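Let's work through a few exercises together. Have a look at the model, then try each task before you read its solution.

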Amino acid sequence: AHKVRKLGFYRFEFEDRIPDIELLASSTCRAIQMDELSMVTLCISRRNRWILPNLEEVRFLRNDVLDCPIIAPALFSPKLTSVCFANYISARPQALDFQAPPEAIAPLIDALPLRCPTVTHIEVYLRDHVDVVVDAVTKFAYSCPCLEGFMVRGAKPWPIELLIYLARLPTLRKVYLELDDETAADMDGIFRDGTVHHPFHSLSYLHMVAPTISSGTQLLQIMNQTRLHKFHLTHAREATAAEMSDLFIALNKHCAHNILQIIEIRLGPDGRHLPEDEEFVISHLRPLFDFKNIRIFMMRTPLFYKLDNNAIREIADAWPSAIDIDIAMAWGGRTRPTVTWSAIGHVLSRCRQLIGLTLPFDPTIDDVEMVTSDPLFHPQHHFRFFAPLDCPHELEGAGAEKFAESLFALAPRVVAVAGGWYLGTDGRVDIAGFSPFCDQVNNIMWELRRTRMRPEFRFLDAYGETRSRRRCLF
């Protein structure tokens with residue numbers, strides 16, 4: 001127990017690829033959950049005051065039991081610096097009726113300054129505004145003299161006084177800012193009032209939720225020179241390619257090129273319409289190519305993505321350290337893509353640590369040998385997740401076997417092909433029809449590993465059914 005430093009973090013190969021807390025699967029959370037009786041027994045039978053005396057970071061997910069007042073405090077060790085309460089919702093679904101109500105975390109937050117004076121980082125993720133929790137978090141922010149992280153989602157727009165207080169803090173490294181229309185429109189007045197010269201000047205992680213892409217551009221301009229390591233922007237309204245380009249230019253101008261490594265941009269849940277004619281081309285993305293240490297790039301904004309093989313190769317050459325590249329997930333380009341296997345092979349050859357890739361893709365053009373015939377070619381063994389978008393409908397039938405053979409030649413350890421769809425000749429998408437194709441590819445990939453990589457995957461012989469196969473892979 002004395003060796004445990006972090007609790008509640010799991011299922012990632014790279015620390016900077018910790019999955020979004022709101023996307024963590026409920027079934028996974030339940031699978032690792034310890035029941036209340038076991039936790040109480042552990043608390044009562046412990047030899048020391050704390051279960052994990054050297055614990056520094058703890059994350060409580062929505063299925064962790066907090067109703068019992070002795071469980072969470074027993075995890076509040078004297079060395080704790082970071083506490084996270086995630087996925088608390090006001091109405092408990094029937095399937096999760098064991099979950100504590102969100103109000104249960106308020107007294108725990110109130111107790112932090114006394115029990116754990118070393119805590120400088122707090123995260124709270126709520127589905128709805130809960131007064132007692134928001135009040136507790138606000139009091140904690142004002143009472144923590146060395147606040148380094150304030151990631152609180154689900155509250156109503158913060159008072160202007162709190163925003164100014166956070167902007168002035170010299171120790172603040174991480175912040176979650178959710179701005180409504182009124183606050184976003186008055187950012188100049190709020191952060192340039194004469195008392196704040198360079199707001200949020202010590203930030204390394206900015207997670208911003210704003211009405212438009214332009215709000216993010218404006219805040220970067222107000223912050224001036226930053227040392228951001230991670231930039232995340234969720235915008236409520238649809239964007240244009242020009243607005244996206246302006247944002248990337250602002251990132252290039254106001255962020256240190258050798259520090260920024262993670263860029264995530266997505267449309268909020270209420271925006272669901274593609275623009276009539278808004279093409280996004282590689283020239284819009286080039287301002288980000290000065291950031292040579294990019295690890296994660298996610299762009300889930302509805303635009304018509306016009307990216308060909310040369311564009312994809314340019315992205316791979318610019319970001320050789322990338323571990324996750326996600327372009328247009330849930331949107332795609334809605335026209336037949338021109339990206340083929342040769343470009344995918346180039347990405348995997350250049351980005352040797354890449355584990356996830358999402359982009360518009362046409363696998364019907366069989367040019368994989370352009371990559372595999374190179375004497376210097378080696379398969380990429382880190383790659384795990386592939387989401388092809390806008391795949392032509394011709395893939396139906398025997399296309400799954402050819403797809404899997406090509407993918408296996410480039411990256412034999414892919415465990416999931418998912419997330420895409422067929423694109424018909426009429427321009428309409430078929431999401432449901434693509435799922436069986438992905439299942440076929442995943443099953444064929446499983447069989448190829450079992451038969452062609454025997455020393456390592458001989459254990460798969462014991463799994464005969466598809467469900468068992470997936471269980472052992474994940």
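A residue counts as buried under 20% relative accessible area, exposed over 50%, and partly exposed in between (1.4 Å probe, protein chains only). This is a predicted model, so to speak: local features need pLDDT of at least 70, side-chain atom pairs count only at pLDDT 80 or more, and totals for chains, interfaces and linings use all residues. Residues are numbered from 1 along each chain as its sequence is written, and side-chain values use heavy atoms, with hydrogens and water left out.

**Exercise 1. Find which parts the pair of phenylalanine 403 and phenylalanine 437 ties together.**

Step 1: Check the geometry. Rings of Phe, Tyr and Trp (its six-membered ring) pair if their centres lie within 6.5 Å; planes under 30 degrees apart are stacked, over 60 edge-to-face, and the rest tilted. Phenylalanine 403 and phenylalanine 437 are 5.5 Å apart centre to centre with 90° between the planes, an edge-to-face pair.

Step 2: Helices (H or I, at least four residues) and strands (E, at least two) are DSSP runs, numbered from the N terminus. Phenylalanine 403 sits in helix H15 (residues 399-410) and phenylalanine 437 in helix H16 (residues 431-452), so the pair ties together parts 34 residues apart in sequence.

**Exercise 2. Work out which residues line the largest cavity, and of what class they are.**

Step 1: Know what to look for. On a 1 Å grid over the protein atoms alone, a cavity is a set of points where a 1.4 Å probe fits but cannot get out, and lining residues have an atom within 4 Å of a point. Grid points are joined across faces, edges and corners, and the volume is the space filled by probe spheres set on the points.

Step 2: Search. The whole structure has 1 cavity of 30 Å³ or more, and the largest cavity has a volume of about 50 Å³.

Step 3: List the lining. You'll find Ile312, Ile315, Ala316, Ile325, Ile327, Val347, Leu357 and Leu359.

Step 4: Sort by class. Ala, Val, Leu, Ile, Met, Phe, Trp, Tyr, Cys and Pro count as nonpolar, Asp, Glu, Lys and Arg as charged, and the others, Gly among them, as polar. That gives 8 nonpolar, no polar and no charged residues.

**Exercise 3. Is S14 enclosed or open, and which strands pair with it?**

Step 1: Count buried residues. In S14, 5 of the 5 residues are buried, so the strand is largely enclosed by the rest of the structure.

Step 2: Check both faces. Gly356, Thr358 and Pro360 are buried on one side, and Leu357 and Leu359 on the other.

Step 3: Find the partners. Strands pair if DSSP finds at least two bridges between them. S13 joins S14 through 3 bridges, running parallel, and 5 bridges join S14 to strand S15 (residues 385-389), also parallel.

**Exercise 4. Find which parts the pair of aspartate 366 and lysine 402 ties together.**

Step 1: Apply the cut-off. A salt bridge is a side-chain nitrogen of Lys or Arg within 4 Å of a carboxyl oxygen of Asp or Glu. Aspartate 366 and lysine 402 meet at 3.2 Å, N to O.

Step 2: Aspartate 366 lies in the loop between S14 and helix H14 (369-372) and lysine 402 in helix H15, so parts 36 residues apart in sequence are tied together.

Step 3: Aspartate 366 is partly exposed at 48%, and lysine 402 at 42%.

Note on methods: 1 Å grid on protein atoms, 1.4 Å probe; cavity = no way out; pocket = protein on both sides within 12 Å on 5 of 7 lines; lining within 4 Å.
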